[in-house]
Amino acid sequence: MTGHQHATDVAIGHDLLDAAGGAPTGSSEVVVDAQHVDKWFGKLHVLQDVSLQVKRQEVVVVLGPSGSGKTTFIRCVNHLEKIQGGRIFVNGHLIGYRDVAGKLIEDKEANIAKQRQEIGMVFQRFNLFPHKTALENIIEAPTQVRGMSKDEALEVGNALLQRVGLAAKADSYPAQLSGGQQQRVAIARALAMKPALMLFDEPTSALDPEMIGEVLEVMKELAREGMTMIVVTHEMGFAREVADRVVMMDEGRVIEEGTPEHFFNNPTEERTKTFLAKIL
Amino acid sequence: MGFQMKEFLDFTFTWREVLIAALTTTILMAVLAQLLGVVLGLLAALGGRSRNMVIKGVSGLYVWFFRGTPVLVQIVLLYYGLPSLLGFDPFPKQYGNLPELIGGAFLAATLALGINEGAYMSEIIRAGILSVDSGQAEAAKSLGMTPGKTMSRIILPQALRVIVPPLGNEFNNMLKTTSLASVVGVTELLLLAENRFGGTFRPFEPLIGICVYYLLLTTLWGLVQGRLEKKLGAGLNRNEEAGFWARLLTTSRGAPHSGGVR
């Protein structure tokens, strides 16, 4: 876990996943299997035949210009967005729908809620619950959804806060935390559900520059511990360093996919080159 | 002619059984009607967001009717109209061994006030729900919370901040609107005063006397409301909350309607 420059105030070095109660076991099985996903916003065809597989413990970074559909895509993975065509499977379960003779029928809310328990999500704007303290944010879902006892949840919650370097902030409300601290609490909150997959939707885009490092550091640690992750980001350093695979999207399509080496050193697609030239 | 101080003081401050009963009736009616209003308002607000068209329709119809007709008419309709519709009187003078204070007229007026209030509360609660950032529901959902849990644990507690100030205004209003119950013979403060000047032919003194009590009740409520709002501000870093005196001296705080009989 060395070789990286650490962000200033984050004391990591312990297992984030251990804090949450154990890492998923490693193997090459497929966690996310998106097949030919189509989605429209009205007349706008925002996702066009998008297919993507993510294996266990793999970190996939999704890049692309704004409006390319990358955020929409990961929101479909936990059914925050509906899809009109194709299938998305997570751990073998069809997400959000029942397949009735080849037609997609939206599933019951309770079933969708159950599927989402296995999929953590971190939002661009953190979305912490402002009426709850950092610790209460973290124990909310384990106690209310998983039925964990409060004592056990507090133990898990405190351990997670320690791992993201915020043990001292357990009783702070979100409004009393910096953006970087809020995002780290949000990551801990998602991890408390022991998800099999973590989705990151531009987790550092709403942060002041000096806070980006501390959040990326937590994400890197998570990746090293073997969490399966899909990360939508503009942080090229993170993509280069942490990603197992980089996926480039443009105008609702996946246009290029490859290792960071391939992607940053000799991309084949002209649009990828243009995009990288603009951003690097 | 003129103001008779002795009559005013005597009516207002002689602590006697009828006065205590009238005060109790006013307060009890206001509290019960407001509670009923909050419950019905919550149901109607949630019903209005339902995907089920029947539930949605019923909620809309309820709000439309009770906001669109006078509450005085609704009280009279319930008290006089319902017995003729049902063919029996659900509002007798007294219910078994219950105190006479909680008789049929009291029940009819309280129900009518509460049902009317529910229509207004529904709009207030709806606005409160809409005021909560959509990211909150998304975060709750992404953690696997069901729509019910998301609403009760995440959305509504935050909506309260927006709901409580107008709710306070509503209750302030309710304390005064209870005076309408006098028309169906509920001996609340107004009917107490009317009974008095029916005998003395001096209406001014007892009427000013009950104004003292209404002011006392609304002022006390203002204190409670201030504390409630402060408590709800926890963690939200909103230090600009108006204090009690500021609230007392400003008229309406953004309630969808204000004042008196509707």
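Helices (H or I, at least four residues) and strands (E, at least two) are DSSP runs, numbered from the N terminus. This is a predicted model, in which local features need pLDDT of at least 70, side-chain atom pairs count only at pLDDT 80 or more, and totals for chains, interfaces and linings use all residues; side-chain values use heavy atoms, with hydrogens and water left out. Residues are numbered from 1 along each chain as its sequence is written, while chains are lettered from A and ligands numbered from 1 in the order in which they are written.

**Six-stranded sheet, chain A**
- Six strands of chain A form an open sheet with mixed pairing, in the order β8-β9-β10-β3-β11-β12. Two strands pair if DSSP finds at least two bridges between them.
- The edge strands are β8 (119-122) and β12 (253-258) of chain A, and each pairs on one side only.
- Neighbouring strands of this sheet are turned by 20 degrees against each other on average, direction ignored. Axes are lines fitted to C-alpha atoms, for helices over the stretch in contact, and angles run from 0 to 180 degrees between N-to-C directions.
- Strand β11 (residues 245-250) of chain A runs antiparallel to β12(A), and five bridges join them. V246(A) has G258(A) as its bridge partner in β12(A).
- Helix α10 (residues 270-279) of chain A packs on the sheet and touches β3 (59-63), β11 and β12 of chain A. Its direction makes about 100 degrees with that of β11(A). Contact means heavy atoms within 4.5 Å.

**Four-stranded sheet, chain A**
- Another open sheet of chain A has four strands in the order β2-β1-β4-β5, with antiparallel pairing.
- β2 (44-55) and β5 (93-94) of chain A each have a single partner strand, so one side of each is left without a neighbour in the sheet.
- Eight bridges join β1 (residues 30-41) of chain A to β2(A), and the two run antiparallel. V30(A) stands opposite K55(A) in β2(A).
- Helix α2 (residues 70-77) of chain A packs on this sheet, touching β1, β2 and β4 (85-90) of chain A. The direction of α2 makes about 60 degrees with that of β2(A).

- Q136(B) lies in helix α6 (residues 134-142) of chain B.
- Q136(B) is buried, with a relative accessible area of 5%. Buried means under 20% relative accessible area, exposed over 50%, partly exposed in between (1.4 Å probe, protein chains only).
- Not counting residues up to four places away in sequence, Q136(B) touches N127(A), L128(A), F129(A), P130(A), I154(B), I155(B) and Q158(B).
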